[in-house]
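Please read them alongside the coordinates.

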Amino acid sequence: MIDPLALDVAHLFAGSLVLVSFMLLYQDRMTGLINIFALHALVVSLSVAWQAYIQHAPHLYITAAIALVIKAVVIPFALHRIVVRLGIHRTIEPVVGVGLTMLAGIGLVALAIMVMLPITAQAGTLAREDLAFALSVILLGLLMMISRHNAVSQVIGFMSIENGLILAATGAKGMPLVVEISVAFSILVALIVIGIFLFRIRERFETVDIHLLHEHRGEQP
Amino acid sequence: MAVILDMLVQFCQMTVVLLLAPLLTGYVRKMKAQLLGRRGPPLLQPYRDLLRLLRKEVVLAHSASWLFRVAPYLVFAATWVAAALVPTFATGLIFSYAADMIAIVALLGSARFMLALAGLDVGTSFGGIGSSREMMIASLAEPAMLLVVFTVALLAGSTQLSSIAAFMQGPGVGLRVSLALALVALVMVAIAENARIPVDNPATHLELTMVHEAMILEYSGRHLAVIELASFVKLLLYVSVIACVFLPWGVAVSGQGFAAYLTGFAAYLVKLAAGGFLLAVFETAIAKMRVFRVSDFLGAALMLGLLATLLLFVSRVT
Amino acid sequence: MALEGLLWCVAVLLGAGVAGLALTRRRGAMVLVYGASLGATLVALVIAVASLLAPASLGASLVLPVGLPWLGAHFRLDALTAFFLVVMNLGGAAASLFALGYGRHEETPGRVLPFYPAFLAGMNLVLIAADAFTFLFAWEFMSLSSWALVMAHHRRPGNAAAGYLYLLMASFGTLALILAFGLLAGASGGYAFDAIRQAPPSAGIAAVVLVLALIGAGSKAGLVPLHVWLPLAHPAAPSHVSALMSGVMTKVAVYGFVRIVFDLLGPPAWWWGALVPLIGGVTAVMGVLYALMEHDLKRLLAYHTVENIGIIFIGLGLALAFEANEMSGAAALALTAALLHVFNHSVFKSLLFFGAGAVLNSTGERDMERLGGLIHRMPRTALAFLIGSAAISALPPFNGFVSEWLTFQAILLSPALPQWLLKFLVPAVGAMLALSAALAAACFVKAFGITFLGRPRTQVAREAAETDRWSLTAMFALAALCLLAGILPGYFIDALAPVIHALTLANLPRQEQLDWLTIVPIAQSRSSYNGLLLFFFIVLSAGVAAEVIHRFASAAVRRSDAWDCGFPDPSPATQYTAGSFSQPIRRVFGSVVFRAGEEVHLPPPGDVRPARLEVRLHDVPWDVLYAPTARLVGFAAERLNRLQFLTIRGYLTLVFGALVALLMVLTVWQ
């Protein structure tokens with residue numbers, strides 16, 4: 001049986017991940033956004049490390065290390081460089097206003113809890129809570145992607161979804177190491193591809209604001 | 001006989017609250033000054049300020065009414081009664097069951113109501129600014145505070161502060177995300193309600209940055225002394241509530257005897273000092289926000305409170 | 001015995017109405033009509049209170065041979081009726097007392113005097129009706145007499161439109177109620193309430209009846225989105241009638257809902273406890289936000305009624321949720337909170353409308369932005385209005401706080417509910433309730449502050465005079481009741497016990513034996529509140545502080561100009577107005593709720609035209625629901641109008657076509 005204090009600490013990490021997702025939604029400046037994303041990745045790696053400790057599953061330590069190095073250090077650094085190189089506009093306007101976005105976020109968390117807890121009634125406590133929180137993080141990441149005009153913030157939303165998936169996978173008693181390595185590499189490759197595209201878009205249209213790029217879709221002259 | 005003793009302890013608590021309040025504010029001011037590299041005013045300066053104000057003559061505007069003259073006493077009475085109901089060095093005092101957290105929040109609301117009306121009484125634009133901004137801040141801070149009360153009450157099974165303190169000292173609590181969120185939300189509300197940076201600047205002379213100061217701009221003499229004392233007591237109240245709910249160790253239970261009360265009092269002084277120091281650090285580290293960013297700030301506190309309540313249903317699900 | 005007494009009171013009221021019609025031109029007509037109303041409502045009040053306090057005498061019923069020949073007119077006095085009779089007749093008596101003074105200023109008494117007692121009689125009849133036909137007849141009678149009162153000053157701009165909208169919404173509501181009762185009576189057609197109680201409907205029918213009751217009673221009470229007529233119609237009527245409509249008629253609508261849903265409908269389904277609190281919560285928040293944007297005093301009060309109805313429905317919805325999950329104790333608490341708020345609201349809303357009426361009488365103005373400084377000219381009215389404002393803002397030690405506290409305690413019982421949707425919805429509704437309470441305080445700081453405090457903005461405000469003794473007596477009686485109900489809530493909760501028991505079969509612990517008159521709704525260890533002690537302490541602290549200060553401090557007072565940071569402006573136009581006071585709140589909430597927008601037109605430098613600030617507010621339910629419906633109806637009416645202009649052959653073809661169609665239906669059916 002897992003010690004209640006250990007459960008509480010795991011629960012604390014998972015809840016902090018949800019909180020940091022909300023902080024991502026609240027940000028309106030690019031540098032702040034990237035730094036909070038680094039914090040998001042840090043919390044995920046701490047959570048995975050704690051899971052490794054209480055589940056006695058040493059291969060999860062490697063997962064935590066990968067999350068820490070790649071997502072908390074390398075990717076934010078690369079994003080900072082891209083932002084500076086492309087001279088991307090530094091403030092991010094949300095589509096409907098911060099208050100409504102946060103309210104929608106709360107609704108999504110409630111929805112995730114309402115869906116997950118009854119479904120997983122047979123599972124252990126640790127798995128149930130982690131799954132509920134993980135679904136919340138995924139939904140909040142999706143909300144972030146649809147409520148921002150800016151391409152970089154959509155990339156960050158996409159990567160926070162991946163963090164939520166890691167939380168879900170580790171909470172459900174471990175994930176094979178090879179899967180984690182391949183997922184991490186695919187994320188890195190995706191980031192490189194996206195970075196190249198951002199460069200090209202920026203060269204061609206002088207902006208990466210999705211709203212303005214919308215007019216150039218299709219066969220319009 | 002026991003009833004008389006209990007009443008004496010309660011009366012003691014009421015006087016302690018009143019006497020310590022200016023000291024806390026003096027301490028916060030001194031800490032802020034020292035963090036900025038100055039020596040700062042003496043710790044007992046607020047007492048001297050109050051005495052000085054008492055000796056001065058009151059200057060009333062021609063358009064001030066009886067409400068203007070009565071309001072300071074009502075504001076002070078409501079705040080003092082609310083502070084007297086918060087357990088400081090002992091829980092379960094004889095009159096602590098007269099009001100729970102919700103009633104305390106509402107008492108502070110009464111004080112604010114009278115103060116806002118007093119701001120509008122003289123008919124200047126400054127008073128109007130103060131009153132309208134104060135009511136906007138209150139319209140978000142009060143629900144946030146009530147949601148924090150909900151979270152804690154849903155956890156502890158009661159809205160009585162004495163029962164909550166007893167529950168928090170017990171083993172059933174554990175480390176909960178909801179409590180952490182509730183603590184952050186409560187601290188944000190406390191900063192807003194006590195007119196501290198980043199919401200309002202208590203030491204300002206500029207209309208642009210005034211909320212509380214604008215409402216009391218026309219007050220002078222003994223009326224101003226009473227209102228200042230009320231705001232000192234309000235700060236003490238919020239620090240006491242945070243200490244009682246989230247740091248309940250060392251608090252005596254009513255009837256445990258004189259030694260337990262002394263330990264409780266010593267623990268309370270330590271908590272006040274820590275709280276005051278942290279407030280000074282926070283105020284020095286951060287800049288004041290624009291008035292319309294305050295609504296985002298308090299909206300975030302409201303969301304944190306709501307999230308804390310929701311996450312309660314996830315934790316310890318068996 | 002009690003029931004006959006009530007019927008005699010109704011008869012006296014109807015008689016007073018006829019007398020008002022006959023004697024309009026005479027001088028004593030006003031005193032006669034209002035005096036008779038006062039007497040009749042006081043007698044009814046005494047009867048109702050006596051019945052409520054002696055629950056053994058409840059349950060009498062009576063059948064009169066009027067109305068439908070096979071049905072008769074059933075009347076019954078049970079606990080629920082007795083409570084609402086207390087609320088109704090208290091408001092009626094206070095309004096009649098107020099009107100004895102206020103009515104002197106009425107320009108067209110002939111349009112008010114006959115209908116006022118008829119209105120009171122109609123409301124009383126609704127409450128004691130025990131079969132669907134009598135209920136609906138009395139309901140329509142109540143609506144029509146209040147419509148006549150709304151149209152009393154029909155030449156004033158906007159009043160005719162308000163009356164038309166009111167008539168429309170009232171008819172729509174009555175239609176919903178007719179359908180609801182029809183479904184309840186079922187195929188057997190037993191319209192008496194006793195017959196309906198014996199035959200509870202199936203789950204599907206019950207759901208439809210709930211929705212119809214929400215529409216029918218809700219439109220009269222003012223639930224969003226059926227509230228649109230309320231802020232137009234309530235202010236249009238004379239002030240004592242506005243007080244009755246806001247304070248009492250809305251409660252009669254709540255009675256209708258409670259009677260249908262809690263009494264006649266049988267056990268509730270759990271999702272009713274999700275729908276009703278949600279509607280209540282949305283109504284509460286939207287009502288108070290609308291109120292904050294108003295600067296007409298009576299419209300502000302009318303919108304505020306919408307908010308309080310929302311709070312009442314939150315309590316009722318919670319009671320339904322608990323009842324559906326068989327948690328009778330919690331349901332008793334929620335229902336007590338809702339019914340106590342019904343009583344409290346009727347008291348302080350009537351008080352506030354009387355204050356607004358007094359101001360209107362003295363200055364001729366309802367617009368707050370043309371008033372100000374009235375606390376110097378009308379000090380007693382100001383004090384009564386202040387007490388009403390404090391009570392409605394749920395500030396201890398007044399009565400508004402007690403019912404709100406009980407509602408919060410009911411909300412805190414939500415974790416025991418098994419359904420997940422309810423578990424999350426109830427705290428969210430609690431957040432909405434907390435938000436509306438805070439905004440209500442802001443609203444009344446604005447209403448009292450801009451109207452009574454500050455400096456007078458116009459000549460009429462400078463020259464206002466205090467109102468007459470009758471009005472002041474009515475106002476102070478209600479103010480004293482506000483304080484009393486706040487200090488001694490235990491007695492009121494105990495008085496409600498027979499009603500709660502009848503509806504939920506559970507009880508709160510008896511409050512009057514508790515120490516120091518505390519109230520303990522659930523258990524001592526859980527929560528308690530003592531209004532008397534709080535009041536005593538506040539008075540004591542204020543007194544001690546004042547005494548100590550006056551002993552040791554300087555007593556010197558000097559009058560001078562306002563400080564105003566060294567730039568005092570003699571013009572009262574520099575003060576805050578109602579619009580400027582609510583501007584921060586409009587900035588925070590308005591863009592979402594009202595699609596509020598501000599536009600500034602600045603003429604170029606050198607141009608002598610003034611700059612203009614325009615604030616645009618959209619009423620979202622109006623734009624989304626009513627305007628398209630009105631357009632649709634207009635469109636259909638245009639098309640159908642062609643029927644008016646057919647030839648004779650055309651009409652004959654229509655008759656022929658109808659006959660053939662009916663014959664075909666008959667063949668198919670066989």
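1. In this predicted model, the largest cavity holds about 140 Å³ of space. Its lining comprises 14 residues, of which Ala106(B), Glu142(B), Ala394(C), Glu404(C) and Ala437(C) are the closest to its centre. The structure holds 16 cavities of 30 Å³ or more.

2. As to where the lining of the largest cavity comes from, at least two residues each are supplied by helix H4 (101–121) and helix H5 (125–156) of chain B, and by helix H16 (399–411) and helix H17 (420–452) of chain C. H4(B) provides the largest share, with four residues. By class, the lining of the largest cavity divides into ten nonpolar, two polar and two charged residues.

3. The second largest cavity contains about 70 Å³ of space, and its lining has ten nonpolar residues, with no polar and no charged ones. Among the residues that line it are Met101(B), Met145(B), Ile164(B), Leu186(B) and Phe246(B). Both H5 and helix H9 (221–246) of chain B contribute at least two residues to this lining, and the largest share, four residues, comes from H5(B).

4. How do the axes of H5(B) and helix H11 (residues 291–312) of chain B cross, and within what distance do they come? The two axes come within 9 Å and cross at roughly 15 degrees. Because angles under 35 degrees count as roughly parallel, H5(B) is roughly parallel to H11(B). The crossing in which H5(B) passes H11(B) is left-handed, and the residues of the contact between H5(B) and H11(B) divide into 18 nonpolar, five polar and one charged.

5. The largest pocket has about 1400 Å³ of space, and 44 residues line it, with Gly99(A), Leu100(A), Leu103(A), Met303(B) and Phe589(C) the closest to its centre. At least two lining residues each come from helix H4 (98–119) of chain A, from H5 and H11 of chain B, and from helix H11 (272–293), H17 and helix H23 (583–593) of chain C.

6. H11(B), one partner in the helix pair described above, supplies the largest share of the lining of the largest pocket, namely ten residues. By class, the lining of this pocket has 34 nonpolar, six polar and four charged residues.

Technical notes:
Residues are numbered from 1 along each chain as its sequence is written. Chains are lettered from A and ligands numbered from 1 in the order in which they are written. This is a predicted model: local features need pLDDT of at least 70, side-chain atom pairs count only at pLDDT 80 or more; totals for chains, interfaces and linings use all residues. Side-chain values use heavy atoms; hydrogens and water are left out. On a 1 Å grid over the protein atoms alone, a cavity is a set of points where a 1.4 Å probe fits but cannot get out, and a pocket is an open set with protein on both sides within 12 Å along at least five of seven lines; lining residues have an atom within 4 Å of a point. Grid points are joined across faces, edges and corners, and a volume is the space filled by probe spheres set on the points. Ala, Val, Leu, Ile, Met, Phe, Trp, Tyr, Cys and Pro count as nonpolar, Asp, Glu, Lys and Arg as charged, and the others, Gly among them, as polar. Axes are lines fitted to C-alpha atoms, for helices over the stretch in contact, and angles run from 0 to 180 degrees between N-to-C directions. Angles under 35 degrees count as roughly parallel, over 145 as roughly antiparallel, 65 to 115 as roughly perpendicular and the rest as oblique. A crossing is left-handed if the near helix is turned anticlockwise from the far one by less than a right angle, and right-handed if clockwise.
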